[in-house]
Amino acid sequence: MTILELIANGVLIGLGATLFTDVIGLFRQGWSGVHGFCCLVGRWALSVHDHGLFQDNIRNRKPIKFESPLGWALHIALGAVFGIGFWALFSEVARPHDRIWQGLVFGLATTVVPWGIFQPMFGWGVALSKMPNPGPLRIRGLITHAIFGLGLGLCAIAYHAVI
């Protein structure tokens, strides 16, 4: 497999898994939950130049023009990057029946990214440690990333079925 094939296939798998996760998220949280979080991602990105990488609670900041489309673009791009990582690790070694558990494990491992990087930058602390009741939010994050991992596994299976 060439590097271009790796990237293209990984992006495809990651985009499919992101779409899968967002559709499930709509059923779990409704539009306001899924869309609201993406808006916060865009708000953070647009306010880095004024407030730095690590900010106070991003929820307390006023909305910024274009935060929604930027947040969605970043959300989708991160899903594609995760897809490339998953494909790089498992595309050559996975047997069809292994892809689901590999996807789940990989998806759960991606929880480290928001807990250790994004949540501290949003002013929420490592693994939401600065939030009033972090336990349920942590569980919600684990569920979301497990669903993303399931999406990775299912998309990899679908990819191999079509190719």
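Visitor: Which residues of α2 are called buried in this predicted model, and what makes a residue buried?
Guide: A residue is buried when its relative accessible area is under 20%. In α2 this label applies to Glu67, Ser68, Gly71, Trp72, Gly79, Ala80, Phe82, Gly83, Phe86, Trp87 and Phe90. Their packing partners are α1 (3–51), α3 (99–109), α4 (112–121) and α5 (134–162).

Visitor: How do you know that the span of helix α2 agrees with its number of residues?
Guide: Helix α2 holds 24 residues, 67–90, and at 1.5 Å a residue these should span 34 Å. The end C-alpha atoms are 34 Å apart, so the two values agree.

Visitor: Why is Phe66 counted as exposed?
Guide: The cut-off for exposed is over 50%. Phe66 has 56% relative accessibility and therefore counts as exposed. Phe66 lies in the loop between α1 and α2, and its phi is positive, about 75°, although it is not a glycine.

Visitor: Why is Ala127 called buried?
Guide: The relative accessible area of Ala127 is 14%, and buried means under 20%; therefore Ala127 is buried. Ala127 is placed in the loop between α4 and α5 and also has a positive phi, near 50°.

Visitor: Which residues have the most contacts inside the largest nonpolar core?
Guide: They are Ile13, Phe86, Trp87, Phe106 and Leu152, in a core of 14 residues. The helices α1, α2 and α5 each supply at least two of its residues, and the largest share, five residues, comes from α5.

Conventions: Residues are numbered from 1 along each chain as its sequence is written. This is a predicted model: local features need pLDDT of at least 70, side-chain atom pairs count only at pLDDT 80 or more; totals for chains, interfaces and linings use all residues. Side-chain values use heavy atoms; hydrogens and water are left out. Helices (H or I, at least four residues) and strands (E, at least two) are DSSP runs, numbered from the N terminus. The expected span of a helix is 1.5 Å times one less than its number of residues. Buried means under 20% relative accessible area, exposed over 50%, partly exposed in between (1.4 Å probe, protein chains only). Contact means heavy atoms within 4.5 Å. A nonpolar core is a set of buried Ala, Val, Leu, Ile, Met, Phe, Trp, Tyr and Cys residues joined through side-chain atoms within 4.5 Å.
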